[in-house]
Protein chains: 2
Amino acid sequence: MKTYLDCIPCLFRQALEAARMAGVSEETQKKILDKVAEILPDFPLTSPPPEMARIIHEVVKKYTGVEDPYAEVKKKSNNLALSIYDKLKEKLQNSHQRLLTSIELAILGNILDYGVKNSLDVDKELEKILVEEKRVIETENNALFNYPQFQKAIDNARTILYLADNAGETVFDRILIEEIKNMDNNKNIIYAVKEKPAINDALIEYAYFCGIDKLAKIISSGSDAPGTVLSRCSKEFLKIFNKADLIISKGQGNYEALSSATGPIFFLLVAKCPVIARDIGCRVGDIILMSHTLNKKGGE
Amino acid sequence: MKTYLDCIPCLFRQALEAARMAGVSEETQKKILDKVAEILPDFPLTSPPPEMARIIHEVVKKYTGVEDPYAEVKKKSNNLALSIYDKLKEKLQNSHQRLLTSIELAILGNILDYGVKNSLDVDKELEKILVEEKRVIETENNALFNYPQFQKAIDNARTILYLADNAGETVFDRILIEEIKNMDNNKNIIYAVKEKPAINDALIEYAYFCGIDKLAKIISSGSDAPGTVLSRCSKEFLKIFNKADLIISKGQGNYEALSSATGPIFFLLVAKCPVIARDIGCRVGDIILMSHTLNKKGGE
């Protein structure tokens, strides 16, 4: 997805939030915004927003000296999400369509996103997910929630590359991966996280902490952008990306980075901002399970 | 009120919206954002946001060649607000506290603001105002809705300067001014609008169109900022400002411009953005009727 003009105010907002998360003075926060104002005009809008976000968060790191401004909130997200793991499993036990329910939960976990909102009440959001029942079913357009096609894609895939999004959300990913493994333990699942801190995106240690290692091979994409921007990924990762039978792409950042890429990709996300919603052709808040093919036809 | 760092992303958003309202190409929209990025770092944050907004909207005018991008929406706001004038009067007839109700309506009319929201469904907002009943009473902090003090100030004032905010809102101002004149026809009311287009702010012709001329003397403040920034006002206006027994300041822009000024000012507004809400010490959506004195103690 290209960077829309609406992304520009939002990128300033992100820079300010990250600067505050890093705990620096107002003066330094202002310097960061000024630097963003200086570099942003030269940024090509044909590049996806996570690429610009990466540059902005580099500025924040440089000016604040804080490598990972979201360290604390990510830790909290992981802990809180893990603390409701049993409840999520219980929800699954009571479901008559376990795969569908696990997909829904994996997508709903995508709400734990600091890139979109300035403040996020993780407890409250998790509470909402637990009482969430009919949200997915309410999505009217089946092409945007193409469960049958996704189910088939999982059935047919031997190697699945799972692109993680946010910390905490990893626990919800685990629920879906466990379900896929329950169906067929021979499936080879690779769980790819970011190489370095990028907003509140998941990192290798979180994937271990949330118990993904028992189910999938954990790798880094090599990228430190808050989205799998292929030009920033490692050769090793690209090899896996190009060979995978199915790519499960979680979240807005990965959608933004990969909506123009080729491959057997499914995008699983909550459309959290109006720009994404317009790009996809859905409403803000919609739960999306969309094949890449659809995006090629209906998207950008 | 100073310009907060949170205002910066919002000012970019405003520039983009105004550029779109002017109907220019994406390329020109981008040029406008780039220009804003160029000038914004030099803007002193000690100045109030309407001063920066003024500069930004000057850029928009220059790059688009459109003097008044909001001309159409302002016309629509005026017409729609006028079309419900009779219903507003009916609401007043049924009230046991006519002055209070007219104040509430005048404040609720402040919802018609394009400076805060990117899109505004005027019909819907007006509909909400008509069914609005308990909103004001729900405001917990009486200092932030100090009706007794305001009532007394009106009683004691001979010359009242009424600082208008948005187009359409003028009809709601008329309701309050009519009520004040009903109470005492000898009161001298001066209704001040902006000199030139500033977002969707009211102009002289709208004040006439909405029937203010039958009740008050209509003047321009001399300013083209979306708020009464005193340093940009005419000498004639400042003379009136300094001599008035009571100044009724409507809306966020005027609050931002005048919260540090001296004078017998009352601020009547809906707190529509988190920055204003924080500055005032209220919640977003609160209905504010606050004397300047309170602001001096509790504000900035």
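Trainee: Which residue does Arg54(A) form a salt bridge with?

Mentor: The partner is Glu51(A), and the closest N and O atoms are 3.1 Å apart. Keep in mind that we are looking at a predicted model.

Trainee: Let's move to chain B. What does Arg278(B) pair with?

Mentor: Its side chain meets that of Asp6(B) in a salt bridge, at 3.4 Å from N to O. Arg278(B) belongs to helix α14 (residues 274–280) of chain B, while Asp6(B) is in the segment before α1 (7–21), so the pair ties together parts that are 272 residues apart in sequence.

Trainee: What is the relative accessible area of Asp6(B)?

Mentor: For Asp6(B) the value is 18%. The cut-off for buried is under 20%, so Asp6(B) counts as buried.

Trainee: And Glu169(B), what's its salt-bridge partner?

Mentor: That would be Lys250(B), with 2.8 Å from N to O. This pair also links distant parts of the chain: Glu169(B) is in helix α10 (residues 169–183) of chain B and Lys250(B) is in strand β4 (residues 246–250) of chain B, 81 residues apart. Both Glu169(B) and Lys250(B) are buried.

Trainee: Which residues get joined into one network by shared partners?

Mentor: Asp6(A), Arg278(A) and Arg20(B) do, through salt bridges that share partners.

Trainee: That takes us to the two chains together. What rotation superposes chain B on chain A?

Mentor: A rotation of 180°, with 0.0 Å of shift along its axis, and the RMSD is 0.0 Å. That is the relation of a two-fold axis. The same surface serves both copies, since 100% of the contact residues of chain B recur in chain A.

Trainee: How many residues of each chain are in contact?

Mentor: There are 18 residues of chain B in contact with 18 residues of chain A.

Trainee: And how much area do chain B and chain A bury between them?

Mentor: About 1700 Å², with 67% of it on carbon and sulfur atoms. On the chain B side, Leu5(B), Pro9(B) and Lys30(B) supply 33% of the area buried against chain A, more than any other three residues.

Trainee: How many salt bridges does the rule find across that interface?

Mentor: Four salt bridges are found between chain B and chain A. One contact between the chains to look at is Lys2(B) with Glu26(A), whose side chains meet in a salt bridge at 3.8 Å, N to O.

Trainee: Which elements of chain B give two or more residues to the side that touches chain A?

Mentor: Those are α1 and α2 (26–39) of chain B. By class, that side of chain B has 10 nonpolar, one polar and seven charged residues.

Trainee: What about Ile199(B), what's its phi?

Mentor: Ile199(B) has a positive phi of about 45°, although it is not a glycine. Ile199(B) lies in the loop between β2 (188–193) and α11 (204–209) of chain B. Its relative accessible area is 8%, and Ile199(B) is buried.

Trainee: Last one: where is Leu289(A)?

Mentor: Leu289(A) lies in strand β6 (residues 287–291) of chain A. Leu289(A) is buried, with a relative accessible area of 0%.

Trainee: Which residues is Leu289(A) in contact with, leaving aside its neighbours within four places in sequence?

Mentor: Among them are Ile103(A), Ile107(A), Phe145(A), Tyr147(A), Phe150(A) and Phe266(A). As for Lys239(A), 50 residues away along the chain, its C-alpha atom and that of Leu289(A) are separated by 25 Å.

Conventions
Residues are numbered from 1 along each chain as its sequence is written. Chains are lettered from A and ligands numbered from 1 in the order in which they are written. This is a predicted model: local features need pLDDT of at least 70, side-chain atom pairs count only at pLDDT 80 or more; totals for chains, interfaces and linings use all residues. Side-chain values use heavy atoms; hydrogens and water are left out. Copies are superposed by least squares on the C-alpha atoms of residues with pLDDT of at least 70 in both. Contact means heavy atoms within 4.5 Å. Helices (H or I, at least four residues) and strands (E, at least two) are DSSP runs, numbered from the N terminus. Buried means under 20% relative accessible area, exposed over 50%, partly exposed in between (1.4 Å probe, protein chains only). Buried area is the accessible area (1.4 Å probe) that two parts lose on being put together, summed over both. Ala, Val, Leu, Ile, Met, Phe, Trp, Tyr, Cys and Pro count as nonpolar, Asp, Glu, Lys and Arg as charged, and the others, Gly among them, as polar.
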